[in-house]
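Have the sequence and the 3D view ready. This report walks through one structure, step by step.

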Amino acid sequence: KKLYGMSGTLGTLQEREKLTEFYKLDYATIPTFLPKKFFEYEAIIAPTVDEWMEEILDEVKAKFLESRSVLIICNTIKDIQVIQKIFENEKSVYFERENMYISQRDSEAFDIRTLEPCKLIIATNLAGRGTNIKLSESLQRNGGLHVILINLPPNLRIESQAYGRASR
């Protein structure tokens, strides 16, 4: 007689089986209003910290050449500060301060009305939780928001949340 719902980030097969076993629930999958535009690239693993930073910098540069914007999701605020310094030291018009959105606190939401091409967002996963990043028409035409997770997330739910920002 009652209907309950939950977000898609609790929808893996293992989670559904556990909820069914524990609560004796039935469930139904309701598709999203629009299909996700999501593509996952092969992971890049760097053997040293310097090479890891270089890979991140090269990936952002490549996406900016495609006139795309990039969201770098870090594990900690300290990671944000390290990544921020790398981009601030890079001599490029793209990495000027006005082209970057940086979240220094986990509770801080992105203050972006509409994201334009060639913008860089650096934040923790918590900083952007529940934040819908509206993409400009030109950014959508160019392929949308490119998301970089700089470390493996501790579980699939967090990974899904991170990737979801690119495919809404």
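Start with one lysine. Lys63 has a relative accessible area of 6%, and buried means under 20%, so Lys63 counts as buried. The model is predicted, so keep that in mind for every value below. Lys63 sits in helix α2. Which residues does Lys63 touch, leaving out those up to four places away in sequence? They are Tyr41, Arg68, Val70 and His146.

**The sheet**

Now look at the strands. In general, strands of a sheet pair through backbone hydrogen bonds, either parallel or antiparallel. Here, 4 strands form an open sheet with parallel pairing. Their order is β2-β3-β1-β4. Two of them are edge strands, β2 (100-102) and β4 (145-149), and each pairs on one side only. On average, neighbouring strands of this sheet are turned by 15° against each other, direction ignored.

Take one pairing in detail. Strand β1 covers residues 69-74. Strands β1 and β4 are joined in the parallel sense over 5 bridges. Across from Ile73 stands Leu149 in β4.

**Helices against the sheet**

Helix α2 spans residues 49-65. This helix lies across β1, β3 (120-124) and β4. Its direction runs at about 155° to β1. Helix α3, residues 77-89, also packs on the sheet. Which strands does α3 touch? They are β1, β2 and β3. The direction of α3 makes about 160° with that of β3.

**The nonpolar cores**

The largest nonpolar core has 19 residues. Those with the most contacts inside this core are Val60, Ile72, Ile83, Phe87, Leu120 and Ile122. Five elements are listed as giving two or more residues to this core: α2, β1, α3, β2 and β3. Which element gives the largest share? Helix α2 does, with 5 residues.

**Aromatic pairs**

A pair of aromatic rings is described by the distance of the centres and the angle of the planes. How many aromatic pairs does the structure hold? It holds 2. The table lists both values for each pair.

| Pair | Distance of centres | Angle of planes |
|---|---|---|
| Phe22 and Tyr23 | 4.6 Å | 85° |
| Phe39 and Tyr41 | 4.9 Å | 90° |

Planes over 60 degrees apart count as edge-to-face. The planes of Phe22 and Tyr23 are at 85°, so this pair is edge-to-face. The planes of Phe39 and Tyr41 are at 90°, so this pair is edge-to-face too.

Phe39 has a relative accessible area of 59%, and the limit for exposed is over 50%, so Phe39 is exposed. Tyr41 has 42%, which makes it partly exposed. Tyr41 is also one of the residues that Lys63 touches.

**Cysteines**

Two cysteines close the tour. Cys74 is buried, because its relative accessible area is 2%. Cys118 has 11% relative accessibility, so Cys118 counts as buried too. How many disulfides are there? The count comes to 0.

Technical notes:
Residues numbered from 1 in each chain as written. Predicted model: local features only at pLDDT ≥ 70, side-chain atom pairs only at ≥ 80, totals over all residues. Heavy atoms only, no water. Pairing = 2+ DSSP bridges. Axes fitted to C-alpha atoms, helices over the stretch in contact; angles between N-to-C directions. Contact = heavy atoms within 4.5 Å. Core = buried A, V, L, I, M, F, W, Y, C linked by side-chain atoms within 4.5 Å. Buried < 20%, exposed > 50% of the residue type's maximum accessible area, 1.4 Å probe, protein only. Phe/Tyr/Trp six-rings, centres within 6.5 Å; stacked < 30°, edge-to-face > 60°. Disulfide = S-S within 2.5 Å.
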